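Here is a short briefing on one structure. Look at the sequence and the model first, then read the notes by topic.

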Amino acid sequence: MKRRHDVPHVNLRIERWHRHLVYGVVLLLTGSGLAWLLAHYFMRRFGEFGETIHPLEPLSMKLHGAAAMAMLFIAGSVMNSHIRRAFRAGRNLMQGWLLLVSLVLLTLSGYGLWYLANEESR
Ligand code: HEM
């Protein structure tokens with residue numbers, strides 16, 4: 001049986017341009033999600049026709065939807081070269097699984113909001 005220290009050291013470091021792309025998309029995704037929360041819960045306006053939404057609310061969701069697509073593209077781009085090889089090498093298993101499961105759950109909840117939810121279940 002192969003023990004952990006018998007496994008040859010594999011270089012799992014993602015190239016700089018690729019890493020920066022991952023950081024950028026994660027930042028845009030998280031930032032736009034938080035911006036929506038902020039606009040939705042704290043920036044409602046009261047105009048002459050009653051409560052209205054802040055323009056940041058639809059804008060942040062448009063950005064968020066685009067960033068979600070980019071996120072799946074980026075996640076796919078490191079699936080084989082980084083994720084699969086790291087799992088096989090048994091490195092950072094806990095953080096890796098946590099990240100992957102979080103991404104899957106957020107993607108499923110995003111899918112649900114797009115295709116399954118109605119105003120009530122939202
Ligand atoms: C930390 C990261 C994230 C935060 C803070 C976040 C936050 C949010 C929030 C607040 C909403 C609006 C919920 C509502 O309409 O009631 C939302 C919607 C959504 N999220 Fe995220 N999200 C994150 C990550 C993701 C990921 C990883 C994906 C998929 C790759 C994703 C895809 C979506 C989609 C598709 C929607 C529905 C958009 C729409 O209704 O037009 N999100 N997110």
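**Helix packing and ligand shell**

The buried residues of helix 1 pack against helix 2. Contact here is two C-beta atoms, placed from the backbone, within 7 Å. Buried is 20 or more other C-beta atoms within 10 Å of a residue's own, exposed is 12 or fewer, and partly exposed is in between, with C-beta atoms placed from the backbone. Helices are DSSP runs of H or I, at least four residues, numbered from the N terminus.

This is a predicted model: local features need pLDDT of at least 70, side-chain atom pairs count only at pLDDT 80 or more, and totals for chains, interfaces and linings use all residues. Residues are numbered from 1 along each chain as its sequence is written.

**Helix 1**
- Helix 1 has 27 residues. From first C-alpha to last, helix 1 reaches 37 Å, close to the 39 Å expected at 1.5 Å a residue. That expected span is 1.5 Å times one less than the number of residues.
- V25, L29 and S32 are buried in helix 1.
- V25 touches A67, A70, M71 and I74, leaving out residues up to four places away in sequence.

- In helix 2, the buried residues are S60, H64, A67, A68 and M71. They pack against helix 1 and helix 3.
- Helix 2 bends by about 70° at M79. The bend is the angle between axes fitted to the seven residues ending there and the seven starting there.
- N92 sits in the loop between helix 2 and helix 3. Its phi is near 45°, a positive value in a residue other than glycine.
- Why is N92 partly exposed? Because 13 other C-beta atoms lie within 10 Å of N92.

**Nonpolar core**
- The largest nonpolar core has five residues: V25, L29, A67, A68 and M71. Such a core is a set of buried Ala, Val, Leu, Ile, Met, Phe, Trp, Tyr and Cys residues joined through C-beta atoms within 7 Å.
- Helix 1 and helix 2 each supply at least two residues of this core. Helix 2 gives the most, with three.

**Ligand shell**
- The ligand is surrounded by 19 residues, and the closest are G33, A68, L106, G110 and L113. The cut-off is a C-beta atom, placed from the backbone, within 6 Å.
- Helix 1 (16–42), helix 2 (56–89) and helix 3 (93–116) each supply at least two shell residues.
- The shell divides into 12 nonpolar, six polar and one charged. Ala, Val, Leu, Ile, Met, Phe, Trp, Tyr, Cys and Pro count as nonpolar, Asp, Glu, Lys and Arg as charged, and the others, Gly among them, as polar.
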